[in-house]
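Please open the model in your viewer and keep the sequence panel beside it. The tour below goes from one selection to the next and says what is to be found at each stop.

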Amino acid sequence: MTGSAASSASRHPRVVIVGGGIAGMSAAMALAGQRSAEDDRPSWEIVLVEAKSAAGGRAGSFTDPASHETIDYCQHVAMGCCTNLLSLLREAGLSECFTRYDELHFYHPSTGASLFRANGWLPAPLHLHSALSGLKYLSRRQQRRIRGGLWRLMRTTHAAVSDFDAATWLSRHGQDAELRARFWDPILVSALGDVPECVSMAAARKVIVDGFAAARGASDVWVPNRTLSEVFGTTLIQVLKERGVRVRTGNSVREIRRGFAEGDTGEASVVLGDGETIAADHVILATNWRAASRLVDTLRRQSWPLAIARWHRGLMETLASIEPSPISGLHLWFDRPLTPHPHVVMVGTTAQWLFRDPVRQGTDPAAGHYHQVVISGRHPFSDAAKNALVERVTGELRAAFPAAKDAVLLHSRTVTDPASVFRISPDLESRRPSAATPLSWLHLAGDYVRTGWPATMEGAVISGRQAAESILRQSSPSSSCSPLVLPGLPPGRLARRLIRECGSTPPR
Ligand SMILES: Cc1cc2nc3c(=O)[nH]c(=O)nc-3n(C[C@H](O)[C@H](O)[C@H](O)COP(=O)(O)OP(=O)(O)OC[C@H]3O[C@@H](n4cnc5c(N)ncnc54)[C@H](O)[C@@H]3O)c2cc1C
């Protein structure tokens, strides 16, 4: 417990969480679940401060002015290997808000549709053998070479690939441009938000090993069947309020304060835009990396010990060096449904994923049939006018699906967030900051924190739980608290023998 917290025996220590994205809400949920042994009351007084009028952060929605429908900025999907996100949803009673799919439909212009489905009885990683054979646009020879690349990857440790970008490693292991375009790039670009030239092979290995190879069910796709604003912005926030968390939306934090002279026991506080100050024993900074950089810069640094000043400088440099990657969501209303499949992975096209409306599911056909196309990273149409991109993609959809041939596009909206995710380069991977900081009262959360995950909802949930763990460690250093971060799915016996470091804790 901090000095100020210890001195105030009459109240529970206060935690202010800055940022109401998934990371901030995950931290709040983890701490709200802690009860005092003495009176069984919540151990912490928690205030969650969010700048926008609704929580959820990047996992949010907007109202389309033309259709008046609530639409997610961009379709989000999770995978079966996202154990922390799925447990958060379970704990909050929100599991029903996601639908699980154990098969994927792929489309390639050369052969049309293919089904990717893991074998129902073979153990991991052999369960993927037949799934790969199902991809008709890969010749037998290509499938053999991809299996060879997958085998090399499974037999290589995290450390052995961590200095490589994914493109270099793949080309050194026989994965040529055609194999990349038909197999590796579609998976890696949508999971990591950028092309293999720009992302670390360690992150790519994590996607392939944890997301596909290590355990049955890891590659299941979980798609929200409610809008993200309903799942996170309304329902999860309501659960937090019921657990005693005070939620302050529409309040931007402009400064974080605390005296830093050695031995200083002064309170920390956050200062809101209107000057209001909220005192805290612990502050969790749970914003994206750019807002974190601005707020970390507001810390008053006089009289800091050298080690802390050095940490601060390093953190500021790391945050400034994080490069953003864009993701575009093309929201398309057609006069008919384009495909019977709930979602299709599109290979060899500008479109990367097509989703049929998972929320309304065509309940109001008069409004048109909503579809969303997702494109991660930069692409040849990145700098073109929005309608050129829409034209290109609708042309691809008409060519891909028989039902779409004569479909009329009624309305469209393109939303691109240029900083959707961070670029997980080999250089960044080793420098990502940890949740605990040398300032005992300050903790970091957010998908950019060192979780071993790329920028994902899972990474955000883990980072929030890490920040909560960091507080618990500070408050009772002698007692060992049970870990809040869950391990990944337990790998099968064969996977543990075949995959190096399978089931070991991800690097922190
Ligand atoms: C287009 C797009 C598609 C994506 N697709 C997927 C996907 O399919 N699957 C997946 O797992 N992930 C996906 N992601 C990534 C995922 O959304 C993020 O990794 C995750 O939501 C990050 O959560 P966070 O809490 O770390 O950060 P954020 O969501 O950025 O939350 C930070 C919060 O802090 C608030 N804030 C900032 N400054 C202040 C301040 N000064 N005071 C108070 N509050 C402040 C912000 O308003 C925001 O609400 C996608 C992201 C985007 C943008």
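The pLDDT is the predictor's confidence in each residue, on a scale from 0 to 100. What you have on screen is a predicted model, and if you begin by colouring the chain by pLDDT, you will be looking at a mean of 92, with 94% of the residues reaching 70 or more. Now select residues 1–8, where the pLDDT is below 50, although this stretch has 12 contacts in the model beyond near neighbours in sequence. Where pLDDT is low, the predicted coordinates should not be read in detail. For the complex, the predictor gives an ipTM of 0.99 and a pTM of 0.95.

Next, select helix 9, residues 201–213, and display its side chains. Helix 9 is mostly covered, with 12 of its 13 residues buried, and the buried residues include Met201, Lys206, Asp210 and Phe212.

At the crossing, select Leu150, Leu153 and Met154 in helix 5, which meet Arg205, Ile208, Val209 and Ala213 in helix 9. The residues of this contact divide into 6 nonpolar, no polar and 1 charged.

From there, move to Ala124, in the loop between strand 8 (112–117) and helix 4 (129–133). Is Ala124 buried or exposed? A residue counts as buried when 20 or more other C-beta atoms lie within 10 Å of its own, and Ala124 is buried because it has 26 of them within that distance. Leaving aside neighbours within four places in sequence, its contacts include Ala213, Arg216, Pro491 and Leu494. Ala59, by comparison, is 65 residues from Ala124 in sequence and 31 Å away in space, C-alpha to C-alpha.

Finish at helix 12, residues 306–321, which reaches 23 Å from its first C-alpha to its last, close to the 22 Å expected for its 16 residues. Helix 12 is hardly covered, the count of buried residues among its 16 being 1.

How values were computed: Residues are numbered from 1 along each chain as its sequence is written. This is a predicted model: local features need pLDDT of at least 70, side-chain atom pairs count only at pLDDT 80 or more; totals for chains, interfaces and linings use all residues. Helices (H or I, at least four residues) and strands (E, at least two) are DSSP runs, numbered from the N terminus. Two residues are in contact if their C-beta atoms, placed from the backbone, lie within 7 Å. Axes are lines fitted to C-alpha atoms, for helices over the stretch in contact, and angles run from 0 to 180 degrees between N-to-C directions. Ala, Val, Leu, Ile, Met, Phe, Trp, Tyr, Cys and Pro count as nonpolar, Asp, Glu, Lys and Arg as charged, and the others, Gly among them, as polar. The expected span of a helix is 1.5 Å times one less than its number of residues.
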